[in-house]
Amino acid sequence: MAGRREVLADRPIRRRGGAVTLDGMSEHTSGQVPEHAALELRGLRRTFGEKVAVHDMDLVVPPGSFYGVVGPNGAGKTTALSMAVGLLRPSAGRALVHGVDVWADPVEAKRRLGVLPDGLALPERLTGGELLTYWGRFRRMPRDVVAARTAELLRVLELEEAEALGTLVGEYSTGMRKKIGLATALLHTPRVLVLDEPYEAVDPVSARVLTRILRRFTAAGGSVVVSSHVMALVEQLCDRVAIVVRGQVAAAGTLDEVRGGSSLEDRFVDLVGAPEVAEEELAWIAG
Amino acid sequence: MDRGMIALKFAMLRNSLPGLRAAGWVIGGVLVAVTWAAAVLVPDEGIRRSVLLLVLAGWLVGGMVGPVLMSGAGVLRAEYFALLPLPRRVVARGLLVSVFVSIAAGYVLLAQGSVVAHAARGGVVPALVGAVGAVLAGAGVIMLSRVVYGLLGAAMQSRLGIQIAGVQFGIMFAAMFTGWMVVSVTVESVAVLLRRGLAEGPVLTVLEALPSSWPLLAADRAAAGDLGGALLLLGALAALDAVLLAAALALLVPRPGRTARRRGRPRSPALVAGGGLLPATQTGAVIGKEIRQWRRDPWRALESSTALWTGIVIGTLLLLVDWARPGAAFAGVIVAFVLGLGGCNLYGQDGTAVWQNVVGEDATSVRSDVRGRQWAMLLVFAPRVLAVTVPFVVLSGAWWTVPLVAAAIPAVMGAATGAAVLTSAIGVSPGVDPRRRVGPNDANGNIGLHVWVVILATSVAVAPTVVALVWGAPRPAPVTSTLVVVVGVLNGLGAAWLLGRVAVAYLAGRLPDVFSRIRYGRLFTDGPDGAGADGGLLDWVARTTLRGEVRAREMKQEERDKRLARAAATRG
């Protein structure tokens, strides 16, 4: 990675009728022979005391796919993804990134991964630019590449103004935090992005930018795994989806396979089960 | 509303550590008993009076620092109620009322009641005056404790405030380090005090001027027939209470989104543009990030200003004592020593941001991270150590100490950075996660053991320099002095390198466990890759520091189970 000296500033972002293209991102992901799944979970399990949070989960994310992991609150999405990226030790099972075991060969696996966790702190007292500079240098990227990508990412993600004002990451809004988090995940040109709730609290305009970046990433051969509660979003973005219920994959496959003719939301509710609200309950709600 | 807040407060206290609460009750009870013993058992009136004045002043000071030291368990914060459709006055009043309903407040009032026992010997009227005074003074102490806590919370948002808090903690540390002096003086003086009471002089004058003494003075005046003077003092006390009430209400009013605007936004355009003074390496990146955290994070800044002020306070104390004067030249060495205490929980202070170290792990990242943190500590503290050393060496006038100080500083700084980073690695103790920090103690969890590990490790690591100092001090010649300094520098480098290396070796492969301790408050050892325990000293420290937190969680779980069982029983 250190030998790659392409400078993104030379290939500017172009906005054509609102279309944003980010040149130079993840281009080396193309041309790979797809021997292994981009991400594979095999019998992954995590227990917290008596509670089984993730129950022998199996999941295969093919290379180049845009994969959505959906499930109700507390289904084990975040726990499973944390184990997949090396943040949480599994009780049993394996997680493989392009065939590399995350827990047996973490350095090699983590080089290929870009991660956006949900609800975790960042170095709160740095500005976005300082954070990206730190992160790039920490990942041993060349100084000029870091500077160019930082400038480009700040511009594309519309964080330039905050940077000019010296706003610290700790003062960012939730949406801005998601964006700077995504920038850290993208910075070192990973091959697999694992993003926990990337669209949460992101405004519609930024969401479009984000979507274009991610689509571009998959078009170049990269793979994206996103977790979300929002069915419409997943339906619109992803070509593959897994529904996680009570720590297990209840359904997985291409979007059409999982939907089976109805909408994703209906299918989701079928699998998860929704409590019925009887006519007389909450009668007071209308005042 | 007030009732609801009181219920919430007690619910929060129930969720805090029962052992700690019980200890607090016992200590408080003993202190109340001591206060009453002074009021009842001391036969001579003059002596009894001066002892009581001193003890009541102690309660005043205790009320001020108590909540800060206890990290505010059970303190309701105005922000909790910011979204409720209540007038802000009502919230403030409820918060204040909740402060009064507590065991601690009961103790304060009981202790103040000792004045009545003293005054009752003079008759009914002095006893009544004493009782009114006791209630007024008790209320004052309770409100003051909340005001001080609130002010410190607000102070954490400004640079000046951090310095003020740093002075407080500095005095506290100084008292702890020079504890033997304080204890020996106290033991001697208690005996003298009980025999003779306080002599007329500045100490007594200052004590009598403190509001904590006013109830007793009022009762004394009433006993002497000066009822007007007694009422005047009670009136003054009531006025003071009114001021405190106004201050407490003003401070407790919730102000959503209250963030102090900083003047001069800190940012580093040159760094972001690819420049910067530090090398653009992995270690350089960590140094840059850490230096910025030390400078910009109020909690880190508090650690460094505490170190600074501890040195200044101890140096000043030593300057004041004739025979200890040359010791003041070592004030800067104390700053260097406290540096180790300030950095004893770096990973815990980072909170869940440690995920970056986990996902960014590569062949050299752990080493770069540990070394970068050490360098940053050194760079942040070196100017402070020098800034304290130079004036105190000059003020002490003990020029012969210069080579000794020059040897001690590098040795202690090196050992302290090593001990700090190693303790940070093995004893991760997460406090409140970075974004939710408010109070001055929020950044750390329980670091009681960490402090002792750092003190011990630093002391052992500087042993070669101590030997050299003992050898060199009676032989003041240029050659021996130079040799002592060389030993000090080599000792510092060696200790920093060795302790840092142990930290690197410990962390390699354990980064997910560090993160687990922060994110989940536990270690996961049930899996195929579970962290191996080698049963060594480091693991002992790791297990012991974790045990407190694990025990706390278990107790919470037990409480929860009990509550569920109770709820089930009432339903069934």
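A crossing of two helices is called right-handed if the near helix is turned clockwise from the far one by less than a right angle, and left-handed if it is turned anticlockwise. Keep that in mind for chain B below. One caution before we start: what you see is a predicted model. Its overall scores are ipTM 0.85 and pTM 0.74.

**Helix pairs in chain B**

Let's start with two pairs of helices. Two packed helices are described by the angle between their axes and the distance between the axes. Here are those values for both pairs:

| Helix pair | Axes come within | Crossing angle |
|---|---|---|
| α16(B) (331-342) and α19(B) (365-396) | 7 Å | roughly 155° |
| α22(B) (463-472) and α23(B) (478-507) | 9 Å | roughly 170° |

Angles over 145 degrees count as roughly antiparallel, so α16(B) is roughly antiparallel to α19(B), and α22(B) is likewise roughly antiparallel to α23(B).

Now for the handedness: α16(B) passes α19(B) in a right-handed crossing. On the α16(B) side, the contact uses B:Ala331, B:Gly332, B:Val335, B:Ala336 and B:Leu339, while α19(B) brings residues including B:Met377, B:Phe381, B:Arg384 and B:Phe392. Sorted by class, this contact has ten nonpolar, two polar and one charged residues.

What is the class make-up of the contact of α22(B) with α23(B)? There you'll find six nonpolar, six polar and no charged residues. From α22(B) come B:Pro464, B:Thr465, B:Ala468, B:Leu469 and B:Gly472, and among their counterparts on α23(B) are B:Leu483, B:Val484 and B:Asn491.

How far can you trust chain B? Its mean pLDDT is 82, and 82% of its residues reach 70 or more.

**Sheets in chain A**

Over in chain A, look for an open sheet of four strands, ordered β4-β3-β6-β7, with antiparallel pairing. At its edges stand β4(A) (51-61) and β7(A) (100-101), each with a single partner strand, so one side of each has no neighbour in the sheet. Inside this sheet, β3(A) (39-48) and β6(A) (92-97) run antiparallel and are joined by five bridges. One place to look is A:Arg45, whose bridge partner in β6(A) is A:Ala92.

Chain A also has an open sheet of six strands, in the order β8-β9-β10-β5-β11-β12, and here the pairing is mixed. The edge strands, β8(A) (113-116) and β12(A) (248-254), each pair on one side only. On average, neighbouring strands of this sheet are turned by 15° against each other, direction ignored. Five bridges link β5(A) (66-70) to β10(A) (223-228), and these two run parallel. A:Val70 stands opposite A:Ser228 in β10(A).

Which strands of this sheet does α1(A) touch? They are β5(A), β9(A), β10(A) and β11(A), and the helix direction makes about 150° with that of β9(A). Helix α1(A) (77-84) also lies across β3(A), β4(A) and β6(A), running at about 120° to β3(A). Another helix, α10(A) (264-272), lies across β5(A), β11(A) and β12(A), at about 25° to β11(A).

**Where the chains meet**

Finally, the contact between the chains takes 43 residues from chain B and 40 residues from chain A. On chain B, the helices α13, α14, α18 and α24 each supply at least two residues to the side that touches chain A. The most comes from α14(B), with nine residues. By class, this side of chain B has 17 nonpolar, 14 polar and twelve charged residues.

Conventions:
Residues are numbered from 1 along each chain as its sequence is written. Chains are lettered from A and ligands numbered from 1 in the order in which they are written. This is a predicted model: local features need pLDDT of at least 70, side-chain atom pairs count only at pLDDT 80 or more; totals for chains, interfaces and linings use all residues. Two strands pair if DSSP finds at least two bridges between them. Two residues are in contact if their C-beta atoms, placed from the backbone, lie within 7 Å. Axes are lines fitted to C-alpha atoms, for helices over the stretch in contact, and angles run from 0 to 180 degrees between N-to-C directions. Angles under 35 degrees count as roughly parallel, over 145 as roughly antiparallel, 65 to 115 as roughly perpendicular and the rest as oblique. Ala, Val, Leu, Ile, Met, Phe, Trp, Tyr, Cys and Pro count as nonpolar, Asp, Glu, Lys and Arg as charged, and the others, Gly among them, as polar. pLDDT is the predictor's confidence in each residue, from 0 to 100.
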